[in-house]
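This report describes strand pairing, ring contacts and charged pairs in one protein model. Look at the sequence and the structure first, then read on.

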Amino acid sequence: MIKRILRRIATTLEGFFSKSWLNPFATLWVNFRSLDFKDAIQLPIYVYGNPKIHSLSGSIKFLIPVHRKMVKFNYVQMFAPSGQSLDSEILNTGTIVFGGGCIIIGRGTKICVNSKAELRIGKNTKIA
């Protein structure tokens, strides 16, 4: 009886800690710092966990009409490589262009776009 209860608690905790949790403050910060207001209000970029945001003085653009949850940043992907225990980092002083679809940037990813540089991430891309 007790063993069954402990197993159920352990399973619940494992499920909770293996999933990404949406960080509402970082999500608002990234969207309103990097996008025009009319695009930012749609919240196309969702930020998970506690990534390190070094700079967002650059810009982010989309090649298709903006809608909610187009990009998942610092997202935990099941069965992804071992770098998933590290939080992602971003330094954007240039331009990041997203091609559209569902773009997932997994945990442990470092993105650095220098001034006058452009990073293009294509449609339905997954980076882990």
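## Strand pairing

Strand β2, residues 52–55, pairs in parallel with strand β5, residues 89–92, over three bridges. Here Lys52 is opposite Glu89 of β5. Strand β5 also pairs in parallel with β8, residues 110–113, over four bridges, and Leu91 has Cys112 in β8 as its bridge partner. Strands are DSSP runs of E with at least two residues, numbered from the N terminus; two of them pair if DSSP finds at least two bridges between them.

The model is predicted: local features need pLDDT of at least 70 and side-chain atom pairs count only at pLDDT 80 or more, while totals for chains, interfaces and linings use all residues. Residues are numbered from 1 along each chain as its sequence is written, and side-chain values use heavy atoms, with hydrogens and water left out.

## An open sheet

Four strands make up an open sheet with parallel pairing, in the order β1-β4-β7-β10. Strands β1 (45–47) and β10 (126–127) are at the edges with a single partner strand each, so one side of each has no neighbour in the sheet. Three bridges join β1 to β4 (residues 71–75) in the parallel sense, and Val47 is opposite Phe73 in β4.

## Rings

The whole structure holds three aromatic pairs (rings of Phe, Tyr and Trp, the last by its six-membered ring, with centres within 6.5 Å; planes under 30 degrees apart are stacked, over 60 edge-to-face, the rest tilted). The ring centres of Phe32 and Phe37 are 5.8 Å apart and the planes are at 50°, so this pair is tilted. Phe32 is partly exposed at 35% relative accessible area, and Phe37 is exposed at 58% (buried means under 20%, exposed over 50%, partly exposed in between, with a 1.4 Å probe and protein chains only).

## Salt bridges

How many salt bridges does a search of the whole structure find? The search finds four, each a side-chain nitrogen of Lys or Arg within 4 Å of a carboxyl oxygen of Asp or Glu. One of them joins Arg107 and Asp87, at 3.2 Å from N to O. Arg107 is in the loop between β7 (103–106) and β8, and Asp87 is in the loop between β4 and β5, so the pair ties together parts 20 residues apart in sequence. Asp87 is partly exposed, at 29%.

Another salt bridge links Asp39 and Lys38, at 3.5 Å from N to O. Asp39 is buried at 19% relative accessibility, whereas Lys38 is exposed at 58%.
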